[in-house]
Amino acid sequence: MNMQVSRRAFMKLGGATLATSTMAALGFGSGEALAASVRPYKLASATETRNTCPYCSVSCGVLMYSIGDKAKNARAKIIHIEGDPDHPVNRGTLCPKGAGLIDFIHSDTRLKYPEYRAPGSNKWERITWDDALDRIAGLLKKDRDANFVAKTDAGLTVNRWLTTGMLAASASSNEVGYLTHKVARTLGLLAFDNQARV
Ligand code: SF4
């Protein structure tokens with residue numbers, strides 16, 4: 001059959017077809033099927049935790065989202081990290097390093113607990129946090145007792161300890177930074193720095 005379709009009729013037909021498919025897409029056709037395909041927001045059931053990017057002295061605020069119901073036999077897993085829009089430092093922005101924090105957290109090579117390598121040994125061994133802190137405290141005391149300088153040869157009071165230094169991380173609050181500074185200076189440490197410049 002030879003069917004002649006004028007240009008005007010063709011445009012009308014095309015318009016009607018487009019309108020029909022658009023109506024279906026808007027849910028006026030097979031509505032239930034389309035409604036069921038809506039994806040839930042992936043962070044809707046996640047736990048939000050505020051933290052600080054550990055990489056540099058800018059100390060940007062981050063929001064970390066984890067899943068896991070916090071039951072004793074469940075392990076939480078961080079699934080998303082983004083800049084904290086309420087943080088006064090970065091107002092929600094992150095540089096590429098901060099934006100890649102999720103990979104740092106899940107890296108196979110990330111150090112998660114203290115390790116100790118004995119003198120002469122070629123391997124690191126896991127130790128408890130209590131053992132690590134006791135060892136650090138013991139070594140600090142031993143070195144300070146041996147090297148603390150109260151007065152110079154000329155009799156000038158200096159109260160300084162130059163044979164040990166301290167480097168702290170940036171993931172701490174103003175209050176923790178203030179206390180860290182007080183402890184270090186009270187001990188007489190001069191070689192002291194922190195990624196967040198306390
Ligand atoms: S997001 Fe970038 S600029 Fe901000 S603290 Fe981390 S490394 Fe520094």
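Which residue in β7 does lysine 151 stand opposite? Select lysine 151 and look across to β7: the residue there is threonine 157. The model on screen is a predicted one.

Next, move along β7, which covers residues 157–160, to asparagine 159. Asparagine 159 also has a positive phi, near 45°, although this residue is not glycine. Its relative accessible area is 41%, so asparagine 159 counts as partly exposed.

**Past the end of β7**

Select threonine 164, in the loop between β7 and β8 (166–168). Is threonine 164 buried or exposed? It is buried, with a relative accessible area of 16%, because the cut-off for buried is under 20%. Now show the side chain of aspartate 143 as well: a polar contact of 2.8 Å joins it to the side chain of threonine 164. Leaving aside neighbours within four places in sequence, threonine 164 is in contact with Leu140, Asp143, Leu189 and Ala191.

Then select arginine 144 and phenylalanine 148. Arginine 144 lies over the face of the phenylalanine 148 ring, at 4.3 Å from the ring centre.

In soluble globular proteins, nonpolar side chains tend to be buried together.

Stay on leucine 101 and display what surrounds it. Not counting residues up to four places away in sequence, leucine 101 touches Cys53, Pro54, Tyr55, Val62 and Ile81.

**An aromatic pair and a charge**

From that list of contacts, keep Tyr55. How many aromatic pairs are there? The count comes to one. Tyrosine 55 and phenylalanine 104 form this pair, which is tilted, with 5.5 Å from centre to centre and 50° between the planes. The two partners come from distant parts of the chain, 49 residues apart. Tyrosine 55 sits in the loop between β1 (47–52) and β2 (61–67), while phenylalanine 104 belongs to helix α4 (residues 101–105). Tyrosine 55 is partly exposed at 28% relative accessibility, and phenylalanine 104 is partly exposed at 34%.

Arginine 110 lies over the face of phenylalanine 104, at 5.9 Å from the ring centre.

**Two last stops**

Go to arginine 91, in the loop between β3 (77–83) and α3 (96–99). Arginine 91 is not a glycine, yet its phi is positive at about 50°. With a relative accessible area of 57%, arginine 91 is exposed.

Finish at glutamate 125, in strand β5 (residues 125–126). Glutamate 125 counts as partly exposed, at 42% relative accessibility. Which residues does glutamate 125 touch, not counting those up to four places away in sequence? They are Pro114, Glu115 and Tyr116. For a distance to display, take the C-alpha atoms of glutamate 125 and proline 114: they are separated by 8.5 Å, and the two residues are eleven apart along the chain.

Conventions
Residues numbered from 1 in each chain as written. Predicted model: local features only at pLDDT ≥ 70, side-chain atom pairs only at ≥ 80, totals over all residues. Heavy atoms only, no water. Helix = DSSP H or I, 4+ residues; strand = E, 2+ residues; numbered from the N terminus. Buried < 20%, exposed > 50% of the residue type's maximum accessible area, 1.4 Å probe, protein only. Phe/Tyr/Trp six-rings, centres within 6.5 Å; stacked < 30°, edge-to-face > 60°. Lys NZ or Arg CZ within 6 Å of the ring centre and 35° of its normal. Polar contact = N/O pair within 3.5 Å; in protein donor to acceptor, adjacent residues only side chain to side chain. Contact = heavy atoms within 4.5 Å. Pairing = 2+ DSSP bridges.
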